[in-house]
Every structure is written in structure tokens, then in C-alpha cells.
Amino acid sequence: MFRRLILGLIVCVTLSGLPQSSYANQTESVVSQIRNRGVLRVGTTGDYKPFTYRASENSPFIGADIDMAQRLARRLQVKLELVPSTWGQLLPDLLAQKFDIAMGGVSITEARSQQAFFSLPYLRDGKTPIARCDEAQKFQTVADIDQAGTRLIVNPGGTNFQFATQQFKRAQLTVYADNNTIFDQIVVKQADLMVTDAIEARLQQQLKPSLCAIHPETPFTRSYKAYMLPRDAAWKAYVDQWLREENENANQAGAKEQVSLDKHLNKWLQHPWPRSDAAHISFDHLRDLMLQRLSLMEDVAAYKWNQG
């Protein structure tokens, strides 16, 4: 009896020490909260093509998961509010009830799963290198990359950062905050490579011809993309059912454990994103030529007038 009492006290103390979501104290389901509010709040980073992208703070969000957020809002018959977040703050913001769901290429991880639910996964992916094509052969393995002379660049807060800090102890690691321009740093030789998700590496090599994704078909790791949710079973069931309905292959075997949004993702992989290596292109010369031409405008007009 005494032993059971001690074990019970240990369990209670342990559970009380775990981080708790603000949603955990809610008696009303998340679905009911959304419908009563009339707004679905979706947290997203805006820096991960093809899932979520925003060119500036005043620009709209676009991408594959932004489309899916709009579809989910229509399914709920509510308005959509996109809430900006960062990779480091995505889970804390969800737990603080700043939004109802996180969307935008979110990877399922053990740490996140301890505090949040995930929807059915819709993409299997993994970490793979991307480098300038003329140096791609140098970075085939983790051991190849983890050399003292290698300049590795990474964005903070997410699974790329976790993988880089865990796997690379000798390489020179630079943390670069802007994930929308981080690949330009490789183009202009401020860094040698980045290790990121294979789907992003494939897209970036399309957008920047000087870069090559390194064996994206056989990445270093295997992971899954899904939507991150507060720990509300009814809300997870709702999102999973919606995903099954969105899944064109819902009747195929295994659809209960994973859905496929390949057709939807392919649309955004083929989206006309800006393709140039803009970081190293200077438009100063073109601007100067235009100003020179405009400075002659009055003289040209006068000459034409006088010559009839």
C-alpha cells in the first residue's frame, strides 16, 4: 500500500512538471471555438516554398499549405486568418493559443509530438544537402560535410537546425535567419552548402540553376510532413477526415494512416517562383543607362520638333 502511494505521488509530480498547452484547460472543443469565433487561425512561417511563402510583411501568403488552409476554412464555413510565426516559435505559439493549427511543411518530431497532435501525414521527406553544382561531389555523406573547412549554413529554430547541430561537429556552422534568401548565400559563395528537406532542395535547384540537390531520392533521414494541432482529439479527427476527403487516393490501401496530396504539391512545385539568382545580380548599370536616356528626353523631343 505504501509503495503504491509513493509511486502515485511520483507520477503526479512528474505530470505536473510537464509543459501544458492552454488548450488543455478548455472544456469547449477547438472545432466549436472556431465556429463560434467564425475564424480559423492558421500559424505559418512564410519562408518555406512550396508550402508557405510571403515576399514581405505587406505581401500575401501563398503556397501549397496556404491553399489547403483556405480549403479547410471553407469546409468549416468560417473566415481564414493567417498568423505569422517562426520555426522556433511555432510550437510555443500553438500552445499559447495564438492559432488553431500550424501549416506550412511542418515535420513530425518526437519533441513536438510530446506536446501537440499531428494530422495524418501527407508527405514523406528527409534531410539532404544542396550545394553549388561544381562542388556537389564533395558533399555526398555526413562525413564528407563534417570537415573543418566546410562552411555549412542553416536557418534557426526548426528541424534543419536540429539536424545540423546534432550531426556536424567539425564543420563551420553559420546560422542565417532569413530562410527566403538563405540559398543565395550559397550562390554567392558565402557558404558551401545547406542540409534541408529534399522537397525544398529539389525546388531550389529549379529556381537557382547554379545549385544542385545532392541525392534527394536517398536523403540522410526519413520524416513526414503533417499539420500540427493542439491536443484535442475531436479537432484531430475532424482534420484527418477532411484530409481523407481531399486525398484523391483515399480508397487505396493505407489511406487511413497516410494521405497523398502529390497532385496538389506538384502544382506548387511548378509555380512560377522567381528563378534568378537575384542576390548577386546588380541592376545599377541598367538603372544608369535608363537615367542617361531620360536625361536626353527634352533634347530628343526638341530635335524631333525642329526637324518636323
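Okay, let's start with Cys133, which is partly exposed at a relative accessible area of 31%. For that scale, buried is under 20% relative accessible area, exposed is over 50%, and partly exposed is in between, with a 1.4 Å probe and protein chains only. Before going on, this is a predicted model, so local features need pLDDT of at least 70 and side-chain atom pairs count only at pLDDT 80 or more, while totals for chains, interfaces and linings use all residues. Residues are numbered from 1 along each chain as its sequence is written, and side-chain values use heavy atoms, with hydrogens and water left out.

So who is the partner of Cys133? Cys133 forms a disulfide with Cys212, with the sulfur atoms 2.1 Å apart; the cut-off for calling a disulfide is a pair of cysteine sulfur atoms within 2.5 Å. A search of the whole structure turns up one disulfide. Cys133 sits in the loop between strand S8 (127-132) and helix H6 (142-145), Cys212 is in strand S12 (residues 211-213), and the pair, 79 residues apart, links distant parts of the chain. Those labels are DSSP runs numbered from the N terminus, helices being H or I with at least four residues and strands E with at least two. Cys212 also counts as partly exposed, at 23% relative accessibility. The S-S torsion is about 95°, so this disulfide is right-handed.

On to the helix pairs. Helix H2 (residues 30-37) and helix H10 (residues 233-246) have axes that come within 7 Å and cross at roughly 75°. Axes here are lines fitted to C-alpha atoms, for helices over the stretch in contact, and angles run from 0 to 180 degrees between N-to-C directions. H2 and H10 are therefore roughly perpendicular; the classes are under 35 degrees for roughly parallel, over 145 for roughly antiparallel, 65 to 115 for roughly perpendicular, and oblique for the rest. From H2, Val30, Val31, Ile34 and Arg35 meet Ala234, Trp235 and Tyr238 of H10.

Now compare H3 (residues 64-76) with H11 (residues 262-269): they pack at about 130°, axes 9 Å apart, and are therefore oblique to each other. Here Ala64, Asp67, Met68 and Arg71 of H3 meet His264, Leu265, Lys267 and Trp268 of H11.

Which residues hold the most contacts in the largest nonpolar core? Of its 49 residues, Leu40, Leu76, Ile101, Tyr227, Met228, Trp235 and Leu243 touch the most other members. A core here is a set of buried Ala, Val, Leu, Ile, Met, Phe, Trp, Tyr and Cys residues joined through side-chain atoms within 4.5 Å. H3 gives the largest share, six residues. Leu40, neighbours within four places aside, is in contact (heavy atoms within 4.5 Å) with residues including Ile34, Leu72, Leu76, Ile101 and Trp235. There's also a second, separate core of 13 residues, with Phe139, Ile145, Phe163 and Ala171 among them.

Two last stops. Helix H9 (residues 198-207) is mostly covered, with seven of its 10 residues buried; those are Ala198, Ile199, Glu200, Ala201, Leu203, Gln204 and Leu207. And Phe117, in strand S6 (residues 117-118), is partly exposed at 23%. Phe117 and Arg231 are 114 residues apart in sequence but 5.3 Å apart in space, C-alpha to C-alpha. Leaving aside neighbours within four places, the contacts of Phe117 include Tyr227, Met228, Arg231 and Lys236.
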